[in-house]
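Subject: Structure for your review

Dear colleague,

Please find below the structure that I am handing over to you.

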Amino acid sequence: MSDAAALELAPDAAPAVAPPLLAARGLAKRYGRRTAMADVSFELWPGEVLAVVGESGAGKSTLLRCLSGQDEPDAGEAMYRRLDGTAVDVLRLGDVRRRLLLRTDWGVIHQNPRDGLRFGVSAGANVAERLMENGARHYADMRAEVADWLMRLEIDPERMDELPHTFSGGMQQRLQIARCLVTRPRLVFLDEPTGGLDVSVQARLLDLLRTLVRELEVAAILVTHDLAVARMLADRLAVMRDGRVVELGLTDQVLDDPQHPYTQLLVASVLPA
Amino acid sequence: MIAGYNFAYLDEQTKRMIRRAILKATAIPGYQVPFASREMPLPYGWGTGGIQVTASIIGRGDTLKVIDQGADDTTNAVSIRRFFARTAGVRTTERTREASIIQTRHRIPETPLREGQIIVFQVPIPEPLRWLEPRERETRRMHAHADYGAMYVKLYEDIARYGRIATGYDYPVVVNGRYLMRPSPIPKFDNPKLDRLPALALFGAGREKRIYAVPPHTPVKSLDFEDHPFRVESWRERCALCGSGSSFLDEIVVDDSGRRMFVCSDTDYCSGRRAKRSGAEAA
Ligand SMILES: Nc1ncnc2c1ncn2[C@@H]1O[C@H](COP(=O)(O)OP(=O)(O)OP(=O)(O)O)[C@@H](O)[C@H]1O
Ligand SMILES: [Mg+2]
């Protein structure tokens, strides 16, 4: 396609011509009388990383849980475009088909490795399980693929038969990422993936994540309260406050030139002189 | 038959309830049907699930065989057989061929079962996913979705640790291409006998209150990997008593000096072969 034709298709210089991978509209969730999330809408493009930031209690995890089928919103829709090009509202997909999607197309990385790993079986089995869930039935092939993924996440494949509790926190988190990415999902949900780790470990993990996400062209929604993490990983940034998205834009723009007063406060407080 | 009890001990209403569970189980091969398990005059672990199933299906014209680890003469087998002889007054036998109902713990007879026979298994733990997932709600969901990838984790771990699939008993199977099922603690040697078995197989778990079934001629496949196919045990030895080279053998210590020998675990099969052999010699 010539540049002129591309311009014609995207007259307003929209960031992408392809339809969004995920389009959320009017998402809302209450817990009793407390509003955890209200009128959240956004679009996520294939291969894009969207960070969701905001202070504690802003509704970030609620949003992620509702999208990834771990909780049910009270209102709204979330249209997901499948590999065959058809779109489905994942909120009304039904349990069976949503779990299938979670198995084949999506991945979830939890803040606490205990929620994302089986501690009773070996590290290798944790990664292989995802492959087996998707029909892999050849042991030697799986071993090779698991070893490859452990290496990519800088875990010595020699340790693949050890139990996860013998791993450090950072290694457990990398193991969780290997388990998630081994099936090459199209969309990954991450809730504070570097939360419990100390700073140097965090930096290495983020670096790894950035490389892998780019290499695999996987789209991701990343919840964090750490603006530095958002800056490092995210193409765009959504700022949440009291359950609402108050600002949404390109990461650098939002961080360098925040428009909403709340974002200005947020940016100011984490960027001390 | 002793007075004061209903035929086969259980009251008719309970039997009807259990028969309904059995019918449902037979209609959905491998699916675990909950039932209201009754107190039996035997402790759990003595096969109260199997006994309730047998009690619900047995009729006056039936001939019952009871085995434990393949033998008809162990305490457990003897007391269950006596229980039904007393409470139902039915004929009992040690011959697989003569039995219309065979209640078993830990074995399937070597003599091929035929159409019209029913084999009743005593089941301690019915849920194949329990080792991995303690929550009942979650295992039910996994069954409902045929979400069995996790079950292969066990096979994977076996091979990673021992170089082969080490599970020797209660080896998980998929019934009719759908439900994952525990065949009860039979040796995996017996798994292939379940595949397209002409007899009806019923499984009763008393403590866990579950009944499941494999109807006649249903495909039953043992889980495995392409490069680690399912394989049954084999022995270099033959049975020291009957010379069989194709039956499941137990290793037993025969004297104080620790001398050992291998013999058929199926006592009826073994004695049948010996009788035939001595008959042939006499002729
Ligand atoms: N299961 C629940 N029951 C009741 N209230 C809840 C529940 N989960 C979340 N909330 C409430 O909803 C609001 C949003 O919570 P959420 O966990 O989404 O915040 P968050 O942005 O992820 O915060 P944090 O940064 O602390 O993780 C909070 O007021 C919280 O107390
Ligand atoms: Mg949170």
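The notes below concern the surroundings of a ligand and then of one residue.

This is a predicted model, in which local features need pLDDT of at least 70, side-chain atom pairs count only at pLDDT 80 or more, and totals for chains, interfaces and linings use all residues. Residues are numbered from 1 along each chain as its sequence is written, chains are lettered from A and ligands numbered from 1 in the order in which they are written, and side-chain values use heavy atoms, with hydrogens and water left out.

Ligand 1

The residues around ligand 1 (those with a heavy atom within 4 Å of it) include Y31(A), R34(A), E55(A) and K60(A). By class, this shell has three nonpolar, five polar and four charged residues. The largest share, four residues, comes from α2(A). An oxygen atom of ligand 1 lies 2.5 Å from a polar side-chain atom of T62(A), and one lies 2.8 Å from a polar side-chain atom of S61(A).

Residue T218(B)

T218(B) is in the loop between β9 (210-214) and β10 (220-222) of chain B. T218(B) is buried (under 20% relative accessible area, with a 1.4 Å probe and protein chains only), its own value being 6%. Leaving aside residues up to four places away in sequence, T218(B) touches several residues (heavy atoms within 4.5 Å), among them P29(B), V175(B) and L197(B). The C-alpha atoms of T218(B) and L197(B) are 6.8 Å apart, although 21 residues separate the two in sequence.

Yours sincerely,
A colleague

Methods
Helices (H or I, at least four residues) and strands (E, at least two) are DSSP runs, numbered from the N terminus. Buried means under 20% relative accessible area, exposed over 50%, partly exposed in between (1.4 Å probe, protein chains only). A polar contact is a pair of N or O atoms within 3.5 Å; within protein, one must be able to donate a hydrogen and the other to accept it, and residues adjacent in sequence count only if both atoms are side-chain atoms. Ala, Val, Leu, Ile, Met, Phe, Trp, Tyr, Cys and Pro count as nonpolar, Asp, Glu, Lys and Arg as charged, and the others, Gly among them, as polar.
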